[in-house]
Amino acid sequence: ASLSFTVGRSFLCRPVVPYSSVSNAMRRSLSSASPMSGSDASAEPNTDKLFTAEHEAMRSTLRRIIEQDINPYVDEWEAKEIFPAKQLFKKLGNAGLLGVTRPVEYGGLGLDYSYSVALAEEYGRVNCGGVPMAIGVQSDMATPALARFGSHELKEQFLRPSIAGDLVACLGVSEPTAGSDVASIKTTARRDGDDLVINGSKMWITSGMQADWMCLLANTEASVKDPYLSKSLICLPLDLPGVQRARKIRKIGMHSSDTAQLFFENVRVPASYLIGEPGQGFIYQMLQFQEERLFGAAANLLGLELIIQETAEYARQRKAFGQSLLDFQTVHFRLAELLTEVELLRSMVYRATAKYVAGNDVTMLASMAKLKAGRLVREVTDSCLQYWGGMGFTDEVRVSRFYRDGRLLSIGAGADEVMLSIICKYMRTLPKPPKK
Amino acid sequence: KYIHIINKADMAASKGLKILVGCKRVIDYAVKVRVKPDRSGVVTEGVKHSMNPFDEIAVEEAVRMKEKKLAGEAVAISVGPPQSQETLRTALAMGIDRAIHVEIPLAQLEKLQPIHVSKLLAKVCESEKPDLVILGKQAIDDDCNQTGQMLAALLDWPQATFASKIEPSQDSKQLRVTREVDGGLETIDVSVPAVVTSDLRLNEPRYATLPNIMKAKKKPLAKMSPDQLGVDLQPRQEVISVEDPPVRKAGAKVESVEDLVGKLREKGLVK
């Protein structure tokens, strides 16, 4: 199904105002660099000032945790096809890494999105894609709507412990029959007295086997015809009767991340577990897509650089036909091309982040960055794997793992085709939906 | 000469020691160091720098002593270029209360030696009056292992180097320091004020949590110059050249002790 929007669906084109947590200092430092300082919010911010000493200090802390608490165990977790989320998230929570942009009142740091991007980039140092993906869900994808629209009680019950790393969160949007076409999900949550009764199923749920709670998107407004206005987001504890974690899905990559299919049969939650306004769930989901897409693009930059470097080092010492593989022009020139593309993607990510932090809507740029990232990861890992020859085809080297893990980026968190549709919408080249 | 005496009773009863911790900004331990083409030194431009690992241990110890209520205030000091401020911010993020930066002009940086640093620190001790100075035992760039010892001599304070443990003495009037020496572990009692240098096993430094990194921005960081402190940075040594260590040649395996002695005799190393 295609996502075709007419100009009339203005709420999807509406400029998104990010959290009021954009610090004034950051706003000033960004706008003072541009000639139209402060007065024109869409002036290109100076991305040289995007990352401060504090950003770098946070990256150092994360780097140490990755080197001490994550990388030594990655091979084991990949083999087991699961990683200890509770333990790891507690360590990350203690360091303050899970709530960087979340409200201070609930244990977050209340910082702007540039800090999330800095940390996302550092996650590229992890030796696999599964663990950073699961961390991204915990820190950036399962909680933005809750943080912004949830009631105080709901935030105390679900947001605070998720930021602290005491509860593992997951996001329940996709279903077996609805991936890109979010509007056609079938799971329902019908009002029954003071409760909501949930029936349906969810698919492709990252951390679904381990999670304590799910941010669930379900149909709640039976009387509303418009599929974009009939859904709500609900905090769903996963230990309730009727919740069935049916199976852990076996995938070609992202092995260390447990991906689940879940079924819900008459699961009861208090109606107060609904986040914000009923019927607004789809809109709430859309609002945080810019961040999700930038995160996806940022998180792959460092990994791609490292793979290119590692491939150059391998090719340097690998001999073929009397010389080192790296000395063949096709090899060193190709690696140079690939690194150029990575730097271009990085520039786009930083530019989109700076504009977003300055208060602009960056839906188009974020979608472009996600599209490019998904395709670039496939291109880089495929080309590099070729230069590893037979070794590239084995489990004994990193490039093969990134080849497998990286393939998901063009599919998950917004498929390439969806990104293209969004860009076409901004280009006004998207055809009108067929008359029903 | 500067003398500062604590004659009061229990350290435990007092409001805690005032600790001064030294941190040096050095090339990161993981970096592959390269010698400059003109052999005057190593390449530092654009190279990753971080806090000297032994100084991280010193900072961690000071913070732990604060947490145990043995210390009341911990101050970090760094002697170095403008970027040493980042090193001090790391110390602040780990839990140090405030920082002092003695800024060295670029021209004099390469010729700075432990004798100069210890004189600068001694001057700062005159005004700050710490009860305890903790320094890393040595910096991983020059491996001098001198500053702590020189500082103690300049101040005429007791020193306890290569510390693997610091605790109050039996009567709580002194510090009991366990030192790592060639023969094993040596435990001594030192009166305060004293200079202690940290060794590897003293503790495992924490990483700065993100909330503490943000809090560190607000902690005071004072700047000083060598002129203000009245210390002459005239170099005492001249570096003639810096070279890569010789490439390690392959060794040879021998089957028995007799073979070994025979080979040593062949090479004229044993008569």
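Some bookkeeping before the views: residue numbers start from 1 along each chain as its sequence is written, and chains are lettered from A in the order in which they are written. Because the model is predicted, local features need pLDDT of at least 70 and side-chain atom pairs count only at pLDDT 80 or more, while totals for chains, interfaces and linings use all residues; side-chain values use heavy atoms, with hydrogens and water left out.

**View 1. Where chain A meets chain B.** Here 20 residues of chain A are in contact with 14 residues of chain B, contact being heavy atoms within 4.5 Å. About 1,300 Å² is buried between the two chains, and carbon and sulfur atoms give 64% of that. On the chain A side, A:Glu54, A:Thr61 and A:Arg64 lose the most area to chain B, together 37% of what that side buries. Buried area is the accessible area (1.4 Å probe) that two parts lose on being put together, summed over both.

View 2. The rule finds two salt bridges between chain A and chain B, each needing a side-chain nitrogen of Lys or Arg within 4 Å of a carboxyl oxygen of Asp or Glu. One of them joins the side chains of A:Glu54 and B:Lys217, with N to O at 3.7 Å. Three residue pairs, with both residues at pLDDT 80 or more, are in polar contact across the two chains. For that label, a pair of N or O atoms has to be within 3.5 Å; within protein, one must be able to donate a hydrogen and the other to accept it, and residues adjacent in sequence count only if both atoms are side-chain atoms.

**View 3. The chain A helices that face chain B.** α3 (53–70), α5 (85–94) and α6 (113–123) of chain A each supply at least two residues of the side that touches chain B. α3(A) gives the most, with 10 residues. Helices (H or I, at least four residues) and strands (E, at least two) are DSSP runs, numbered from the N terminus. By class, this side of chain A has 10 nonpolar, four polar and six charged residues; Ala, Val, Leu, Ile, Met, Phe, Trp, Tyr, Cys and Pro count as nonpolar, Asp, Glu, Lys and Arg as charged, and the others, Gly among them, as polar.

**View 4. Helix α15 of chain A under its cover.** Seven of the nine residues in α15 (residues 398–406) are buried, meaning under 20% relative accessible area with a 1.4 Å probe, protein chains only. Among them are A:Arg398, A:Phe402 and A:Asp405. The cover includes α4 (74–80), α7 (130–141), α11 (289–317), α13 (363–387) and α14 (389–392) of chain A.

**View 5. A:Asn71 in its loop.** A:Asn71 is found between α3 and α4 of chain A. Why does A:Asn71 count as buried? Its relative accessible area is 19%. A polar atom of the A:Asn71 side chain lies 3.2 Å from the backbone oxygen of A:Arg125. Leaving out residues up to four places away in sequence, A:Asn71 touches A:Ile66, A:Arg125, A:Val126 and A:Asn127.

**View 6. Helix α2 of chain B and the residue after it.** In α2 (residues 84–94), the buried residues include B:Leu88, B:Leu92 and B:Met94. Just after α2(B), B:Gly95 takes a positive phi of about 130 degrees.

Notes. Buried means under 20% relative accessible area, exposed over 50%, partly exposed in between (1.4 Å probe, protein chains only).
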